[in-house]
Amino acid sequence: MLTSNRRVVLTCLFSTCILALFFIVESTVNSKNVYVKSCGKERKLTGKSNKNTDKNKGKKISLSYKKNNVNALIPKTNSHAEDKNSQLKIQLRESVYQVLNTIWGENNIIYNLFINSHRVTKRKANPLGQIFVLEYHRITPKEGLYARSISNFKRDLERLYALGFRPVTISEYLDGKMNIPPGSSPVIITFDDSSESQFRIMDDGTIDPNSGIGIMDAFAKKHPDFPVKAVFYILPYIPFGQKKWVQKKLNLFKKWGVEVGSHTMSHKNLSKMTDEQVKWEFATSVDWMKRLGFNPRTIAVPFGVMPKNRSLLNGFFNNGKFYRFEANFRSMGRPGNPLGSSKPDYLLNFPRVIGSDDHLCLKYYLDLVEKGKVKPYVMP
Ligand SMILES: [Zn+2]
């Protein structure tokens, strides 16, 4: 009896030590992140001191935010140090799970309390789950063809959040560096055509709260773990329609880490073009976005119609320069297969789920997630 009591006491002591160690190490990892205030919103930069530099851009990170210098804020996705920290945290958490599982077993109430307190949902890690890439066009007062109503878009965000989805950029997904919490599922929110309804600035310089970005920004302020992250497939030469605000909008994109991709130059049916015409559409749009300070890695071909010569998506030379897209998004479809689970060219015709309540669109697939009939990718 005495031996049994001693064993229980020792087990509890050992477990407490493990938990304490976990919290100490996790808080040490977190303490390496530096917080700065910008526009009244707290954003995180990584680094031990202001001597740290962002190797990607070769620019110094200034910890004192300067007005109109949004480039000083380096998007989270570009921080190698933060990637390393989050990897360390995931590995540490997994080790603690394993130790606690060995001590208490999977059905133990304390084990489950611990696990669930650190997970966004009760869903188990699922690296083979489906990837949700959403497709939106205009955000308008009324629902319609290629238009999501303001109220329904707000409802989509609320529902995605409640179901444990958290936004990632296309680069984070392609690079396997999705910095979202354990138990959550990634969602890539895309917008086509760069209409003003997606991002409107009011006369006083504030973001229209009823434009797509305005709705996402308000949502992010309410839910800091659902930041403004999206991919816009933009059209030249005045994306989002307000000439005087173009630069401000693009600066905000860079500040948030919002990405842009090609939607070609003319938005015409690529299947009716010659190879040379398609090359011009691709190369000119990429060059234009590079001049704006972006690095477009993906495309959404207009109407989802592929060029006759699909290999052009995979790469071609134009005027001595090489161009290629790492992914192309279809104009409709279903949740997609995760990286590495399909043939390499799957990424060049990746399906998207249309943001709509119609059959086989977003509401339909989120209902299936709720019923457990569609299994999304789940972070460990
Ligand atoms: Zn389009």
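Predicted model: local features only at pLDDT ≥ 70, side-chain atom pairs only at ≥ 80, totals over all residues.
**Legends to close-up views of backbone features**

Residues are numbered from 1 along each chain as its sequence is written.

**View 1. Thr-264 has a positive phi.** The phi of this residue, which is not a glycine, is about 70 degrees. Thr-264 belongs to the loop between β11 (259–262) and α8 (275–291); helices (H or I, at least four residues) and strands (E, at least two) are DSSP runs, numbered from the N terminus.

**View 2. Phe-240 lies in the loop between β10 and α7.** Its phi is positive, near 70 degrees, in a residue other than glycine. Phe-240 counts as buried because 25 C-beta neighbours lie inside 10 Å. Most residues other than glycine have a negative phi, and most peptide bonds are trans.

**View 3. A cis peptide bond joins Pro-236 to Tyr-237.** Omega for this bond is near -15 degrees. Tyr-237 is located in the loop between β10 (231–234) and α7 (246–256).

**View 4. The protein chain contains 10 helices and 16 strands.** Of its 380 residues, 33% are buried. Among contacts (C-beta atoms, placed from the backbone, within 7 Å) with a separation of 6 or more, 65% come from residues 24 or more positions apart.

How values were computed
Buried ≥ 20, exposed ≤ 12 C-beta atoms within 10 Å, placed from the backbone. Contact = placed C-beta atoms within 7 Å.
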